[in-house]
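Open the structure in your viewer and keep the selection tool ready. We will go stop by stop.

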Amino acid sequence: MNAADTTPAGDTKPAASDLQRSFMRHLQYTLVKDKYTATRADLFLALAYAVRDMLVERWLDTQQSYYINDAKRVYYISMEFLMGRTLGNSLINLGLMEEWENALKEMGIDVKELQETEWDAGLGNGGLGRLAACFLDSMATMGLPAYGYGIRYEYGMFYQRIVDGGQYEVPDNWLRYGNPWEFGRQEHLHKIQYNGRVVEYVGEDGAKRHSWVDTHDVMAMAYDVPVPGYGNTTVNTMRLWSAKSTRDFELESFNRGNYVGAVESKMRTENISKVLYPADHMLEGKELRLRQEYFISSATVQDIFYRFAKKHSNFALLPEKVAIQLNDTHPTLAIPELMRILLDEKQLSWDEAWDLAVRTFAYTNHTILPEALEKWPVKTMETILPRHLLIIYRINDNFLGEVAARFPGDNGRLRRMSIVGEDGEKHIRMAHLAIVGSHSVNGVSALHSRIIREELFRDFHDLWPERFNNKTNGITQRRWLKYANRWLADLISSRIGDGWVTNLEELAKLRGLADDPEFQRQWIEVKRANKQRLAEHILHQTGIEVSPDSMFDCQTKRIHEYKRQMLNVLHVITRYNRIKADPALDTAPRTVIFSGKAAPSYVMAKLIIRLINAVGRVINNDPTVNRRLKVVFLANYNVSLAEMIFPAADLSEQISTAGTEASGTGNMKYALNGALTIGTMDGANIEIREEVGPENICIFGMNAEQVGSLKGAGYRPADYYYRNPELKQAIDQIAGGVFSPGDPGLFRPIVDNLLGSDPYLLLADYASYMACQDGVDRLYRHPFEWARSSILNTAGMGRFSSDRTIAEYAREIWGVHPVQVSRHSRLDLD
């Protein structure tokens, strides 16, 4: 049986006529259109509503089953959920992709075209959000009672356009035509408080109590999105919060006759859920970011209490029925918020409340970069969240007392571990708060977890070694192979069956086919077909014609100095120089593909994008080179674009400075689709190397220990510049305006940064990187040897499924178990 035909046991495939009837019913009665007036967007919506109908009954059954079984539930809080398009994923997980394709084909409608009509949901930016989306897919597929909690950003991060080679940000108005997958829950409104003051009083029990009064209030309204599992009847919920102004607030202004002011106040209030990651280089942006983080934390914790209270009144049961996972530090305010509710509203004692909080929360760290470890100025928190600041102060006092008792006289340790930082402006260290308030702290790759244990949070590990653990990230093979690369998925299933869709370890069976010439030939054909598809997209989007017979060398990720897109640029310029110096040079033809967004206020990253496009403009227009080398920057990197790039990639650039990338998941997606990795000993690259074999991955550069030693000895980038003629030539060309003749000094800041400090050691790793690229060139000239390595990369991806990651979280951190979904009457649902 083909994997696409999988349906839950007991379910029968719907007839084509039934699917057509459902489609036409929505076209006519939901959208009020007919075949004469319907646009392609209307046809997409009709299909989306019809597919949504198929999810709803399972969705209701799932939630009812959780209540009846009184299951412990996991609540995954994340500022980002990079979901991508929902239609195709739903059809795959329902097992009805081919049925819908055939039914609508009879009506002259192409489902693939309708899928292209859907906008990517603007709920995330990078790996953090895509990981969260993969986790939701795995939790539903594994039947785990789980909820994802996020913010319903009206405009996402931004839509990236490239204008004159530079990034230009415009609003990502992904909700312009509505979202057919969401259900607004007007009955689920929670009041979110800001500002105000704290009143202290003595409670009936004689204990000191606090009341938070005179607050500015915002309402959080829930929007629910169904998350179907694959091959089962589980449909979990992603609940997103949208900020709404309170009626009282609006009426007060209107009744005073200040109509314009009332509208402006409403807009300011609802700004909280307008944009993902407002620019925080200004005070207003920083304050809005803090308000966002409290907004998601408070709304979610209140919602959890609402659901818990449906079955239980004894708060001692909270950790037995609730597990809350903090996806990085952004939702850490959930810890003091839960304490506030238990102390001020439920009137528990401090010790009782704190014990429940620690046993309920778990924290995943995603970064070791100091600038990414959130710190909030005390004066800002004192104004916006005065009650929470008092709670944090008490948490810190109790915690430092515990540290002092364990390590008497060690004042340096107390300063390093304090939740309240005293260096510079007094601030709250959110990562410290997350560690102190959680029973589990995990990294996301073996190297990353070792760094946080031995370096970043060593003091905390000395105090609580039992709290620290590793959960190497994973990806969902349903999205990133079965859906994104159907040709390869079908080839694999034709040889080893489709068990890999729910058990990725099954891909290991491909190792026995790696030396099969016929299988290699089929593998090469699939790759070329995917490359042809991407080449057509590149031509359409950029006007650049690239050959699918060239090596597709891809680096697609957020633009950041530590990810070292600049090292790749130096490689491209060197390659260009070599061909110019010797036109007869025997090199493998190569198309270097970049894609990714830079934060709007990240000047250096945006300048790197401009340089990539400037280098590409010179190379692509040079007839002596452009048959053997092309450079492409694809704008507005998102899930849908990634689904086109990963299947077409030959080479995956994972070249961050060793010790800076927590894990990476793009490396896994590329390798799953048969790309070879060129990379450093960083993040999950190390574990990928263990699985695919060192001969099937190209590792270069320093490891994390060597990076630390070089920095400690006093790194001098200019030494490498003067020592390596090719490196010097490339940098001199950038500095001299070869790629910016109209503005020779345009890229001078990049050169000054490289020669002055080079914080991510590009120059130190350059020679090793170029040698590795030469090795890649040699292998690519032997297509069947390359195909063998490609097959072995896919075969080695078994342990990088998010199913494995989630199974470890469920077993070792959350203590949650699968729930069998049964059909129920439609009563008492939230």
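**Stop 1: Glu 154**

Select Glu 154: this residue is partly exposed, with a relative accessible area of 27%. Keep in mind that the model is predicted. Glu 154 sits in the loop between β2 and β3 (159–163).

Now show its surroundings. Beyond its neighbours within four places in sequence, Glu 154 is in contact with Asp 172, Asn 173, Trp 174, Leu 175, Ser 273 and Lys 274. Pick out Lys 274 from that list: a polar contact of 2.7 Å joins its side chain to that of Glu 154.

**Stop 2**

Switch to a cartoon view and select strand β2 (residues 146–151) and strand β9 (residues 235–245). They pair in the parallel sense over five bridges. Click Gly 148: its bridge partner in β9 is Met 238.

Now widen the selection. Nine strands form an open sheet, in the order β5-β8-β9-β2-β1-β10-β11-β15-β16, with mixed pairing. Which strands are at the edges? They are β5 (183–194) and β16 (468–470), and each pairs on one side only. On average, neighbouring strands of this sheet are turned by 25 degrees against each other, direction ignored.

**Stop 2: the cores**

Select Trp 100, Met 139, Phe 295 and Trp 814. These have the most contacts inside the largest nonpolar core, which has 204 residues. Helix α2 (residues 40–68) gives the largest share of this core, 12 residues. Then find another core, lying apart from it, of 65 residues; Leu 369, Phe 633, Leu 754 and Tyr 766 are among them.

Go back to Phe 295. Not counting residues up to four places away in sequence, the residues it touches include Ile 151, Ile 192, Trp 241 and Ile 272.

**Stop 3: salt bridges**

How many salt bridges are there? The count comes to 60.

Start with Arg 479 and Glu 643, whose closest N and O atoms are 2.6 Å apart. This pair links helix α19 (residues 477–483) to helix α24 (residues 639–648), 164 residues apart. Is Arg 479 buried or exposed? Arg 479 is buried, with a relative accessible area of 3%. Glu 643 also counts as buried, at 6%.

Now try Arg 781 and Asp 586, which meet in a salt bridge of 3.7 Å, N to O. Here Arg 781 counts as partly exposed at 35% relative accessibility, while Asp 586 counts as exposed at 56%.

Finish with a group: Arg 185, Asp 224, Arg 239, Asp 303 and Arg 307 are linked in a network of salt bridges.

Key
Residues numbered from 1 in each chain as written. Predicted model: local features only at pLDDT ≥ 70, side-chain atom pairs only at ≥ 80, totals over all residues. Heavy atoms only, no water. Pairing = 2+ DSSP bridges. Helix = DSSP H or I, 4+ residues; strand = E, 2+ residues; numbered from the N terminus. Axes fitted to C-alpha atoms, helices over the stretch in contact; angles between N-to-C directions. Buried < 20%, exposed > 50% of the residue type's maximum accessible area, 1.4 Å probe, protein only. Contact = heavy atoms within 4.5 Å. Polar contact = N/O pair within 3.5 Å; in protein donor to acceptor, adjacent residues only side chain to side chain. Core = buried A, V, L, I, M, F, W, Y, C linked by side-chain atoms within 4.5 Å. Salt bridge = Lys/Arg side-chain N within 4 Å of Asp/Glu carboxyl O.
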